[in-house]
Amino acid sequence: PKVLKQFQEIYPNVKVQVVEAHSMRLEELLLDGKLDIAIIAMPVSKIKNSVEILKKDEILLAVNKEHPVTKIMHPLEDSDNYWISLKEASEYKMIMSGYDTILGSFSRKMFTEQKLKYQSDHNDISAAMAVSMAREGLGIAFTYQSCAEEYEDIRYLRIGKEGIFLDLALVWPAGKYRSRAAKALADLLHEMAPELLHR
């Protein structure tokens, strides 16, 4: 929204139509020629040559501030933030995004790689809904740092002391014409990326 507001102020006569979908769906829409540009959590599976990395984004755990996991979280040095191991988190109910999303597949892959099992009654939840459910104390949800909104009743925890990161990229339709408006929006996204991903 901050980028869209700035873009509208600079180019008041250019209309931007926003399509909200998970990263795998956005890649399909690009391939079908239905989008001019998309912000996608990497990796993309089919488009290879038209990808510009914007920033590293961190995957965080969202929990209600009263959730029992907050009693065992660890402080990060020189920070007001906290971390918890995936093993520690796996002792509690998880709220999982769909298998067909980058966040859903990536979080499941982390459990598999660490040979951990998790409990979840909710396995096909959008990232935004998962965080809303976590706010209500229904479990622990995965989210992106770039999407982490501050609320009085929620806490975001780093996964492990070093954190888990993936690339957030600007993706174009492969081999297609790039309009001046799309290029201008891309330039503004690159320019504003640092402030959008650090709160």
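Author: Contact here means heavy atoms within 4.5 Å. This is a predicted model, where local features need pLDDT of at least 70, side-chain atom pairs count only at pLDDT 80 or more, and totals for chains, interfaces and linings use all residues. Residues are numbered from 1 along each chain as its sequence is written, and side-chain values use heavy atoms, with hydrogens and water left out.

Reader: OK. Which residues of helix 2 are buried?

Author: Ser 23, Leu 26, Glu 27, Leu 29 and Leu 30. Buried means under 20% relative accessible area, exposed over 50%, partly exposed in between (1.4 Å probe, protein chains only). Helix 2 spans residues 23-31. Helices (H or I, at least four residues) and strands (E, at least two) are DSSP runs, numbered from the N terminus.

Reader: Where do they sit around the helix axis?

Author: Within an arc of 160°, so they line one face of helix 2. The arc is that of the directions from the helix axis to the C-beta atoms. An α-helix has 3.6 residues a turn, so residues three or four places apart point the same way.

Reader: What covers them?

Author: The cover includes strand 1 (38-41), helix 4 (102-113) and strand 9 (164-171).

Reader: What comes just after helix 2?

Author: Gly 33, with a positive phi of about 75°.

Reader: Switching to strand 7. How many of its residues are buried?

Author: Five of the five, residues 140-144, so strand 7 is largely enclosed by the rest of the structure. Ile 140, Phe 142 and Tyr 144 point one way; Ala 141 and Thr 143 point the other.

Reader: Which sense does strand 2 pair with it in, parallel or antiparallel?

Author: Antiparallel, over four bridges, with strand 2 covering residues 51-64. Two strands pair if DSSP finds at least two bridges between them. Ala 62 has Ala 141 as its bridge partner.

Reader: And strand 5, parallel or antiparallel?

Author: Parallel, over two bridges; strand 5 is residues 93-95. Ile 95 stands opposite Ala 141 of strand 7.

Reader: Now Thr 101. Buried or exposed?

Author: Buried, at 12% relative accessibility. Thr 101 lies in the loop between strand 5 and helix 4.

Reader: What is Thr 101 in contact with?

Author: His 22 and Met 24, leaving aside neighbours within four places in sequence.

Reader: Last one. Where is Leu 4?

Author: In helix 1, residues 2-10. Leu 4 is partly exposed, with a relative accessible area of 33%.
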